[in-house]
Amino acid sequence: MKDIDFTGKVAVVTGAASGMGLMTAQEFVRLGAKVVMCDLDEALLRQAVEKLRGGKVEKCMERVVACVGDVRDFAYAEAAAKAAAALGGCDILVTCAGGNEARCCKSNVPFYEQPVEVIDWGLDVNLKGAVYFARAMMPQMVAKKGGVICCLGSVTGFEGDGVGTMYGTAKSGLFNFVKGLALAGGPHNVRALCVTPGPVLTRAAMSGMPTALGRAAETHELVDVILFMCSDNASFVTGTNHVIDGGRLCMYQPYVAPKESAK
Ligand SMILES: NC(=O)c1ccc[n+]([C@@H]2O[C@H](COP(=O)([O-])OP(=O)(O)OC[C@H]3O[C@@H](n4cnc5c(N)ncnc54)[C@H](O)[C@@H]3O)[C@@H](O)[C@H]2O)c1
């Protein structure tokens with residue numbers, strides 16, 4: 001296997017201010033890429049970018065750009081595409097922005113009682129956000145005759161959730177979305193795929209979710225897979241969904257309505 005090296009590549013990461021998005025962006029920088037870090041949380045994003053610029057990676061000052069906005073807004077995706085174009089054109093897109101609407105909107109009621117704003121949030125952030133960013137970045141990949149789009153799914157896309165119902169609905173939508181992208185992008189050497197986590201310790205609450213391995217993943221256990229999928233080592237991988245869940249989906253899970261909605 002070739003060493004992973006992203007020198008000369010331009011990567012765009014959404015949800016880059018925390019969790020898997022942040023570590024993915026940090027690793028892209030460490031491995032030589034120029035990175036557009038996108039997130040809604042301006043304070044957290046600025047802090048992450050400053051830390052990267054002041055860190056040990058040499059000459060990264062001009063290789064990291066912060067782009068603040070809401071992935072539900074197509075104009076924001078276009079602004080991020082402009083930032084990527086200024087760095088040389090987008091080669092890699094990783095969509096991490098997302099979350100269970102019941103948790104993120106603090107609305108812990110069954111689907112049939114959810115306010116429509118919460119339903120919209122769940123669908124728009126988790127599905128439309130990825131769609132908008134892919135639509136904005138893909139022309140640059142086609143022009144460059146190559147690229148990768150990696151969307152973060154979730155095992156909830158297989159399992160369902162009676163409270164944060166749009167979260168699983170949107171994530172399963174991404175499983176199909178990457179197939180369409182693979183077909184549209186294939187003739188241009190543009191790949192698209194999902195990396196689909198089980199519980200990941202980006203939040204301590206995830207430690208309680210059952211898996212066959214009896215634990216949740218460390219953040220790097222997902223990020224390592226994302227980096228591999230975005231590298232030339234995965235050059236024949238497209239249109240597919242890669243479940244990295246510690247064997248969670250192998251287990252029989254009787255449905256229990258969550259007290260506090262989990263991802
Ligand atoms: N952590 C897990 O256990 C787990 C499990 C399965 C799937 N996932 C998925 O993996 C991805 C990353 O998860 P994580 O735990 O690292 O995330 P996280 O919660 O640590 O970070 C998500 C980031 O997305 C940003 N964000 C949220 N809404 C946004 C919007 N509208 N526009 C722009 N940015 C926005 C947040 O500010 C935050 O920085 C998510 O899509 C999540 O659904 C996570």
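Visitor: What makes strand β6 count as mostly covered?

Guide: Eight of its eight residues, 190–197, are buried. A residue is called buried if 20 or more other C-beta atoms lie within 10 Å of its own, exposed if 12 or fewer, and partly exposed in between, with C-beta atoms placed from the backbone. This is a predicted model, so local features need pLDDT of at least 70 and side-chain atom pairs count only at pLDDT 80 or more, while totals for chains, interfaces and linings use all residues. Residues are numbered from 1 along each chain as its sequence is written.

Visitor: Which residues of β6 point which way?

Guide: V190, A192, C194 and T196 point one way. R191, L193, V195 and P197 point the other way. All of them are buried. In a regular strand the side chains alternate between the two faces of the sheet.

Visitor: How do you know that β5 and β6 are paired?

Guide: Two strands pair if DSSP finds at least two bridges between them. β5 (residues 147–152) and β6 have six, and they run parallel. C151 stands opposite C194 in β6. β6 also pairs with β7 (residues 240–244) in the parallel sense, over five bridges. There, V195 stands opposite H242.

Visitor: What is the hand of the unit made by β6, α8 and β7?

Guide: The unit is left-handed, and its helix α8 covers residues 219–230. To tell the hand, point the strands away from you: a crossover is right-handed if the path from the first strand over the helix to the second runs clockwise. From β1 through α1 to β2, the β-α-β crossover is right-handed.

Visitor: What joins β1 to β2?

Guide: Five bridges, and the two strands run parallel. V10 has K34 in β2 as its bridge partner. β1 has four bridges to β4 (residues 92–95) too, again parallel. A11 stands opposite I92 in β4.

Visitor: How do you know whether β1 is covered or open?

Guide: Count its buried residues: five of five, so β1 is mostly covered.

Visitor: Why are the buried residues of α2 said to line one face?

Guide: They are L45, A48, V49 and L52. Seen down the axis of α2, they fall within an arc of 95°, so they line one face. The arc is taken from the directions from the helix axis to the C-beta atoms. An α-helix has 3.6 residues a turn, so residues three or four places apart point the same way. The face of α2 turned away from the buried side carries the exposed residues A43, E50 and K51.

Visitor: What do the buried residues of α2 pack against?

Guide: They pack against α1 (19–30), β2 (34–39) and β3 (64–68). Two residues are in contact if their C-beta atoms, placed from the backbone, lie within 7 Å.

Visitor: How do you know what span to expect for α3?

Guide: The expected span is 1.5 Å times one less than the number of residues. For the 14 residues of α3 (residues 74–87), that should be 20 Å. The end C-alpha atoms are 20 Å apart, which agrees.

Visitor: Which residues of α3 are buried, and what do they pack against?

Guide: Y76, A77, A80, A81, A84 and L87 are buried. Their arc, seen down the axis of α3, is within 145°, so they line one face of the helix. They pack against β1 (10–14), β2, β3 and α5 (116–143). On the other side of α3, A75, K82 and A86 are exposed.

Visitor: What makes a set of residues a nonpolar core?

Guide: Its members are buried Ala, Val, Leu, Ile, Met, Phe, Trp, Tyr and Cys residues, joined through C-beta atoms within 7 Å. The largest such core has 80 residues, and M37, A80 and M137 touch the most other members. α5 gives the largest share, 13 residues.
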